[in-house]
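Here's a friendly walk through one protein model. Have a look at the picture, then read on for a few of its residues and the fold as a whole.

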Amino acid sequence: MTSFRKAGIEDIPLIRSMAEISFLHTYKGINPDEQNLWMLEWMYSPESLRNQMDSGHEFFLCITEEGSYAGYVSIEPKEEDGLWELQKIYLLPEMQKKGYGRKMFEFACEKVRERGGKKMFLHVNRMNPSVSFYRTMGMDVSKSEDVEIHPGFWRYDYIMTKSIASGR
């Protein structure tokens with residue numbers, strides 16, 4: 001049975017290691033390599049991960065039936081009452097297309113629901129093939145956003161939302 005455990009500061013090297021594989025795999029061919037490497041440091045340096053954890057991001061590790069790690073997911077409460085952001089959801093490439101993404105997404109929804117969340121949103125690159133996965137999971141595109149995140153580096157995102165009801 002797939003399980004999850006909350007990640008702590010001691011798991012930062014593991015999250016970073018999985019990100020070096022999964023994040024770079026996801027965005028190869030979508031963003032220039034230089035941008036992907038910059039974003040990896042921006043979001044996944046040990047200091048950045050520690051700051052995220054200290055500021056309310058909750059990271060969870062997905063563990064396979066065999067006891068290996070499949071990926072990670074992170075959620076964060078926002079200032080608006082009941083609004084949560086699905087910050088990160090990444091699977092190792094060899095774990096894709098095996099149902100772990102669905103399990104991670106449903107787990108994130110359940111955690112948000114447990115914490116009183118009413119709505120969840122995420123940013124996803126418009127060229128990311130996972131857009132169709134998120135639609136399948138009940139998310140809708142609420143708007144498009146183009147943001148310069150660093151001189152010459154842009155995010156071309158959809159903002160997708162999902163109502164988190166008391167049931168599924």
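## An exposed lysine

Lys97 has a relative accessibility of 85%, so it counts as exposed (exposed means over 50% relative accessible area, buried under 20%, and partly exposed in between, with a 1.4 Å probe and protein chains only). You'll find Lys97 in the loop between strand S4 (83-91) and helix H4 (100-114). Helices (H or I, at least four residues) and strands (E, at least two) are DSSP runs, numbered from the N terminus.

Lys97 also has a positive phi of about 65°, although it is not a glycine. For background, most residues other than glycine have a negative phi.

## Where this comes from

This is a predicted model, in which local features need pLDDT of at least 70 and side-chain atom pairs count only at pLDDT 80 or more, while totals for chains, interfaces and linings use all residues. Residues are numbered from 1 along each chain as its sequence is written, and side-chain values use heavy atoms, with hydrogens and water left out.

## The overall fold

What does the secondary structure of the protein come to? It has 5 helices and 7 strands. Starting at the N terminus, the order of the elements is β-α-α-α-β-β-β-α-β-α-β-β. The protein's radius of gyration is 15 Å, close to the 15 Å that the globule rule gives for 168 residues, so the protein is as compact as a globular protein of that length. That radius is taken over C-alpha atoms, and the rule is 2.2 Å times the number of residues to the power 0.38. Along the principal axes, the C-alpha atoms fill a box of roughly 45 × 35 × 30 Å.

Of the 168 residues, 48% are buried. Take the contacts (heavy atoms within 4.5 Å) between residues at least 6 apart in sequence: 60% of them join residues at least 24 apart.

## Surface and charge

The protein's accessible surface is about 8800 Å², and 51% of it belongs to carbon and sulfur atoms. Areas like this come from the Shrake-Rupley method with a 1.4 Å probe; for residues, only the protein chains shown count as cover.

There are 22 positive and 25 negative side chains, and the centres of the two sets lie 6 Å apart. Lys and Arg count as positive and Asp and Glu as negative, leaving out His and the chain ends. Each charge is placed at NZ of Lys, CZ of Arg, CG of Asp or CD of Glu.

## Two cysteines

How many disulfides are there? The count is 0, with a disulfide taken as a pair of cysteine sulfur atoms within 2.5 Å. The closest cysteine sulfur to that of Cys62 is in Cys109, and it is 14 Å away, too far for a bond. Cys62 is buried, at 1% relative accessibility, and Cys109 is buried too, with a relative accessible area of 4%.

## A proline and an arginine

Pro77 sits in strand S3 (residues 69-77) and is partly exposed, at 35% relative accessibility. Leaving out residues up to four places away in sequence, Pro77 touches Gly56, Leu83 and Trp84. Thr26 is 51 residues from Pro77 along the chain, and their C-alpha atoms are separated by 25 Å.

Arg50 belongs to helix H3 (residues 46-54) and is partly exposed, at 39% relative accessibility. Beyond its neighbours within four places in sequence, Arg50 is in contact with Ile9 and Ile12. Arg50 and Met120 are 70 residues apart in sequence and 23 Å apart in space, C-alpha to C-alpha.
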